[in-house]
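The sequence and the coordinates are shown first, and the numbered points follow.

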Amino acid sequence: MLIAAIDQGTTSTRCILFDQAGQARAMAQQEHQQIYPQPGWVEHDPLEIWARAQQVLAQALESANVRPAEVAAIGITNQRETTVIWERRTGRPIANAIVWQDTRTAGLCAELARIGGQDRYRQRTGLPLATYFSGPKIKWLLDNVPGARQRAQNGELLFGTIDTWLIWNATGQHVTDVTNASRTLLMNLETLDWDDEILAELGIPRVMLPRIASSSEVYGRTRDGIPVAGDMGDQQAALFGQACFTAGEAKNTYGTGCFLLMNTGPAPVHSRNGLLTTLGYKLGAAPPVYALEGSIAITGALVQWLRDNLGLIEKSADIEALARSVEDNGGIYFVPAFSGLYAPYWKDNARGVIIGLTRYVNKGHLARAALEATAYQTRDVLDAMNRDIALTSHGAPGLAALKSLKVDGGMVHNELLMQFQADILNVPVIRPKVSETTALGAAYAAGLAVGYWSDLEALRANWAVDKIWQPRMDAEARERLYRGWQKAVTRTFDWLD
C-alpha cells in the first residue's frame, strides 16, 4: 500500500506516491495556465486545475503500476488563499480563481483599514488586512460578478480555497482544514470557527463557507473508494513534512514565493514585527498547533520572470551557472516587489526595482542579484521572527532564536543560493534527503488518519539530512551587503499612488 499526495501549487499540480519510509515511489506533474487580465491581476482556471489533479493521479498510479485499491489514502496540499466560487448545483465556477498574488483588492483593503488600521482583524485572525488573503477576494467576486451576492445569500454558491475545490470535486464534501481556513482572514484563531462579525463586515454569507475540519481525518471517498484523509496549506504541509513537531523548530520553503514557518506550540504567538500568526496543523481531535510565518511573494517566480519575460535563460536551472559567471552582484540589488511587499513590510503599493546599475553590470550580475534577493528577503523575515521570539519566549517554552534553518522546495538544489543563504543569515542551512516535503506533509497527514503511520515519532524517524551549508562570510561583509539590501527595499515603497 502507498499514500498519494496531490500537491496543487501556483504553477503546476503534482501527484507523488510515498511508501512507509517516506520515500517517493512515483511522481507526475502538469503545469497550468497563468492568466493576467490586467496589471496586478492573477487568475487560474479552476476547471483546468481539477483536470490536472485527476491527470497526475492517474499518471502516477500508472507509472508505479499501482491500482487505486493499493492506495491507502490521498492527502491534499495546495496553494493557499487562492479563491474559487462555484455553483452548488452544477459545480461550475462563476469566474476564474483569484490567485493569492493578485492585488485587485488593494482599494478594498485600504477602505477597510480606515477603521482600525491594517491590523483591524489581526488579534482575531493573526493576519493584517492585505490583498494576499481570501476574504477580500470573496467580497470582490460577490460585488463584481452580476447576481453573485444574491445567489450566495440564497445558498446557491459555494466558496473554497483550492483544497476545498479539489475535495468537493473528488468526494462531494464541502470542507476545508484549519490551516487553509486560517488564511482567509475570516477564521477566529481561538475558536477555529468562522468569525460572524468579520463575515458581516465583509458581507460574506456564512452559508457559502465550508466546514472547518482538522488537517488529518477522513473527509470522504473518491469514486474509486480511496479515502481523502489529509488537507494542509502548502507551507504548513512543508512544516509537517520537515518533522517540525516541536515548538521552536522551523523550515523555509523556496518555491514561487518563500515561506518561513516556525512551530510555536499549542498557543498562538501574536507578531509585533510584521509576521503572520497561523495554524501549523491539527491532527484529528488533538489540540491545534500554531505557527509564526513570514510570507515572501516572489522568489522562484523571479527566476521564471528572467526566463519568460526577459529571455535571459532557457530553463530555470540555468540561473546558477549564469550567476556563477561573475564574482559578485556588481553593486546591484533586485527587489522583486511585483505584487507589493509581503512580510515583514506589508506594502501593497510597492513595486519592483533594480538599483545600483552602471555600465559595468551584465546579465550575470542580474542573475546573481535575483538569487541574492531570495536570501535577503529570508533574512528580513528571520530577523523579524527572532525579534518576536525575544518578546514572547519567556511565556512559550522551546522558543529561541533560530540556530539553524531546514530548507526545502525547488530552489534548494541551487548550491550558490544555499551557500549565500547560510552566509547572509549566519546560521547553518540544512537540506533533507527528501526535498519534496510539501507533498510528504500531506501524505503524512492522510497516512496518520488511516493508520498507515502510527504516530509522529514514526514520521520523525523518516527525516534525514542530505547536506548542510555552513556560513563562511565575514561579519563586516555580511552586514555591508545587507545594509545595501535594506536601502534598496525602501526605494520600492509607495510607488503606486
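1. Burial is stated here by relative accessible area: buried means under 20%, exposed over 50%, and partly exposed in between, with a 1.4 Å probe and protein chains only. The model is predicted, so local features need pLDDT of at least 70 and side-chain atom pairs count only at pLDDT 80 or more, while totals for chains, interfaces and linings use all residues. Residues are numbered from 1 along each chain as its sequence is written, and side-chain values use heavy atoms, with hydrogens and water left out.

2. Salt bridges. The structure holds 36 salt bridges, a salt bridge being a side-chain nitrogen of Lys or Arg within 4 Å of a carboxyl oxygen of Asp or Glu. One of them joins Arg151 and Glu87, whose closest N and O atoms are 3.0 Å apart. This pair links distant parts of the chain, since Arg151 lies in helix α5 and Glu87 in strand β6, 64 residues apart. Helices (H or I, at least four residues) and strands (E, at least two) are DSSP runs, numbered from the N terminus. Arg151 counts as partly exposed because its relative accessibility is 27%, whereas Glu87, at 12%, is buried.

3. Further charged pairs. Arg25 and Asp19 meet through their side chains in a salt bridge of 4.0 Å, N to O. Arg25 is exposed at 52% relative accessibility, while Asp19 is buried at 16%. Asp308 and Arg307 form another salt bridge, at 2.6 Å from N to O; Arg307 is partly exposed, with a relative accessible area of 24%.

4. Helix α4. This helix, residues 134-144, is largely enclosed by the rest of the structure, because nine of its eleven residues are buried. Among the buried residues are Pro136, Ile138, Trp140, Leu141 and Leu142, and also Lys137 and Lys139. Their cover includes strands β6 (83-87), β7 (97-98) and β8 (157-161), together with helices α2 (106-113), α5 (148-153) and α8 (196-202).

5. Thr131 is placed in the loop between α3 (122-125) and α4, and is buried at a relative accessible area of 0%. Contact means heavy atoms within 4.5 Å. Apart from neighbours within four places in sequence, Thr131 is in contact with residues including Trp100, Asp102, Cys109, Lys137 and Asp348.

6. Nonpolar cores. A nonpolar core is a set of buried Ala, Val, Leu, Ile, Met, Phe, Trp, Tyr and Cys residues joined through side-chain atoms within 4.5 Å. The largest has 115 residues, of which Ile85, Tyr132, Leu186, Met208 and Tyr254 touch the most other members. Helix α12 gives the most to this core, with 13 residues. Apart from it lies another core of 59 residues, among them Ala5, Val84, Ile226 and Ala439.

7. How do α12 and α16 lie relative to each other? They are roughly perpendicular, a label that covers angles of 65 to 115 degrees. Helix α12 (residues 363-392) and helix α16 (residues 475-490) pack at about 95°, with their axes 11 Å apart. Axes are lines fitted to C-alpha atoms, for helices over the stretch in contact, and angles run from 0 to 180 degrees between N-to-C directions. The contact includes Tyr376, Arg379 and Asp383 of α12 and Arg478, Tyr482 and Trp485 of α16.

Technical notes. Angles under 35 degrees count as roughly parallel, over 145 as roughly antiparallel, 65 to 115 as roughly perpendicular and the rest as oblique.
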